[in-house]
Protein chains: 2
Amino acid sequence: MLKRERQAYILKQINLHNRVLSSDLSLEINVSEDTIRRDLIELSESDKLIKVHGGALSRSFHSSFLRSDVYQLDHKKKIAAKAVSLIKDGMFVLTSGGTTLIEMARMLPVELRATFFTGSIPAAYEYAQHPNIEVIFIGDKVSKSSQITVGGAAIQKIHSIKPDLCLLGINAIDMENGITDNDWEVVQVKQAMIQCAAQTAVLTISEKINSFQRLKICAVEEVDILITELDENEGVFDTFKQHGLKVI
Amino acid sequence: MLKRERQAYILKQINLHNRVLSSDLSLEINVSEDTIRRDLIELSESDKLIKVHGGALSRSFHSSFLRSDVYQLDHKKKIAAKAVSLIKDGMFVLTSGGTTLIEMARMLPVELRATFFTGSIPAAYEYAQHPNIEVIFIGDKVSKSSQITVGGAAIQKIHSIKPDLCLLGINAIDMENGITDNDWEVVQVKQAMIQCAAQTAVLTISEKINSFQRLKICAVEEVDILITELDENEGVFDTFKQHGLKVI
DNA sequence: CATGAAATTGCACGTATTTGCGTAATATTT
DNA sequence: AAATATTACGCAAATACGTGCAATTTCATG
């Protein structure tokens with residue numbers, strides 16, 4: 001393994017776990033701890049991480065996009081990991097934005113080869129960091145509140161693709177109102193995304209289950225998989241399962 | 001094996017494995033390591049890969065790595081400030097990407113009301129932070145080396161707009177060869193941008209003046225304004241001014 | 001076709017970088 | 001305060017690098 005490659009790996013681990021131990025890295029990469037230590041010193045000298053006794057810490061920034069305290073980051077990482085498991089080599093994946101999806105983008109395994117479509121600027125940025133992923137950006141007017149593109153041209157483009165999987169971050173879901181949101185333009189885009197995808201998985205922290213907002217995106221039956229940080233056997237999911245939703 | 005052929009093979013290996021070792025390539029292709037090393041240097045000079053001790057890494061490693069240290073940031077801030085002065089309320093502005101443009105995006109005065117078109121992910125992100133600027137993203141395939149969208153759909157979209165001003169970060173300019181670059185796809189996009197804009201300003205640090213690369217974007221006469229960190233009265237600009245270029 | 005200029009390649013040689021190990025010093029934990 | 005873990009430092013071996021040079025090939029041009 002090349003030195004730079006190793007340092008890139010270390011940075012990735014740091015951004016993923018927020019901290020690393022020299023001893024762990026030494027075992028994982030199979031080099032001496034001295035080498036790891038020297039890497040950490042070098043990376044800390046260029047302010048890529050903070051070196052501490054025994055390992056190193058993240059500077060809680062990743063790239064130019066701050067990860068200034070993301071709400072319930074741990075939960076979102078759990079969700080992201082489950083979402084990653086749905087993606088197979090060669091797939092065409094359409095994704096929305098949102099902090100959960102961005103965490104997922106960071107966790108994609110390096111060997112994965114797939115094509116991602118998105119209208120989210122931060123998500124596209126993360127996908128573009130990945131060596132083997134092809135990124136197609138769906139352009140149009142950028143909605144400032146959500147950092148995704150919205151509008152007729154975007155919706156038209158979405159309808160022209162046939163993704164295997166759609167990963168959608170959502171704001172509210174309940175049995176009665178279905179999946180709901182509060183931004184009219186975003187709702188239009190998300191509807192288009194669900195309609196064109198062969199399969200749709202919705203991602204949300206459990207807190208948002210059984211809540212609703214003013215605008216309906218679609219009924220619960222129109223999506224296929226529900227991903228939360230909870231175990232699939234929790235009682236909250238019973239009614240959703242009865243309506244054919246797969247929960248993971 | 002011809003040199004070109006060999007370099008194409010190296011690039012293929014890089015895209016496949018994300019990294020190559022000089023020693024491996026030397027054995028595979030049956031040439032000396034010196035030759036491989038010279039190839040890698042050449043390829044890295046045209047930004048096709050990242051040369052490191054022992055071999056080379058895919059370009060997509062670079063961005064997540066070297067991002068924090070912007071080369072000649074002070075100069076680029078000066079250039080950005082001059083570029084900002086060209087933008088008036090109500091304008092439609094089309095911009096490329098690059099670190100200089102991103103600095104400019106950060107320096108836009110809060111009162112400014114304008115519409116920005118771009119295919120650059122980091123630039124769009126910065127524009128979207130601004131309270132009064134409308135951002136239209138030009139979608140298509142994301143080129144990893146340059147973090148901008150490239151391809152037919154992007155070029156078509158560009159041709160459908162009529163911006164008042166185009167701000168273009170460039171890599172090389174000289175009187176004889178005009179404005180040049182080294183990435184075929186990016187060249188196509190930049191040509192389209194220049195053609196559709198009522199007025200084009202090119203931004204570059206003075207270091208790149210009187211240098212050239214392999215692919216021509218356009219002749220010096222086809223753009224209107226040259227922005228560098230130097231004073232407009234410097235001698236280097238004389239020949240450019242004689243050809244009708246405004247220097248600021 | 002000839003011929004000189006330019007590009008390409010391999011080799012030699014001195015230099016620089018990288019890595020692991022031993023040992024002593026320092027920090028952290030119990 | 002003792003025990004343990006982590007670090008700093010120097011050293012040596014292996015590997016990679018840059019440079020100059022000569023042999024060879026390629027190319028443009030007369």
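**Around the DNA**

Modeller: Gladly! Helix H3 (33-45) and strand E2 (50-52) of chain A, along with helix H3 (33-45) and strand E2 (50-52) of chain B, each supply at least two residues of the surface near DNA strand D. Helices (H or I, at least four residues) and strands (E, at least two) are DSSP runs, numbered from the N terminus. This is a predicted model, where local features need pLDDT of at least 70 and side-chain atom pairs count only at pLDDT 80 or more. Residues are numbered from 1 along each chain as its sequence is written, and side-chain values use heavy atoms, with hydrogens and water left out.

Colleague: What makes a residue near a strand?

Modeller: One of its heavy atoms must lie within 4 Å of the strand. Of the 14 residues around DNA strand D, those that come nearest include A:Arg37 and B:Arg37. Sugar and phosphate make up 79% of the atoms of DNA strand D within 4 Å of the protein.

Colleague: Why is the approach of B:Arg37 to a phosphate oxygen of DNA strand D called a polar contact?

Modeller: A polar contact is a pair of N or O atoms within 3.5 Å. An N or O atom in the side chain of B:Arg37 is 2.8 Å from a phosphate oxygen of DNA strand D, so the pair qualifies.

Colleague: How do you know that B:Phe116 is buried?

Modeller: Buried means under 20% relative accessible area (1.4 Å probe, protein chains only). B:Phe116 has 0%, so it counts as buried. B:Tyr127 is also buried, at 0%.

Definitions and conventions. Chains are lettered from A and ligands numbered from 1 in the order in which they are written. A polar contact is a pair of N or O atoms within 3.5 Å; within protein, one must be able to donate a hydrogen and the other to accept it, and residues adjacent in sequence count only if both atoms are side-chain atoms. Buried means under 20% relative accessible area, exposed over 50%, partly exposed in between (1.4 Å probe, protein chains only).
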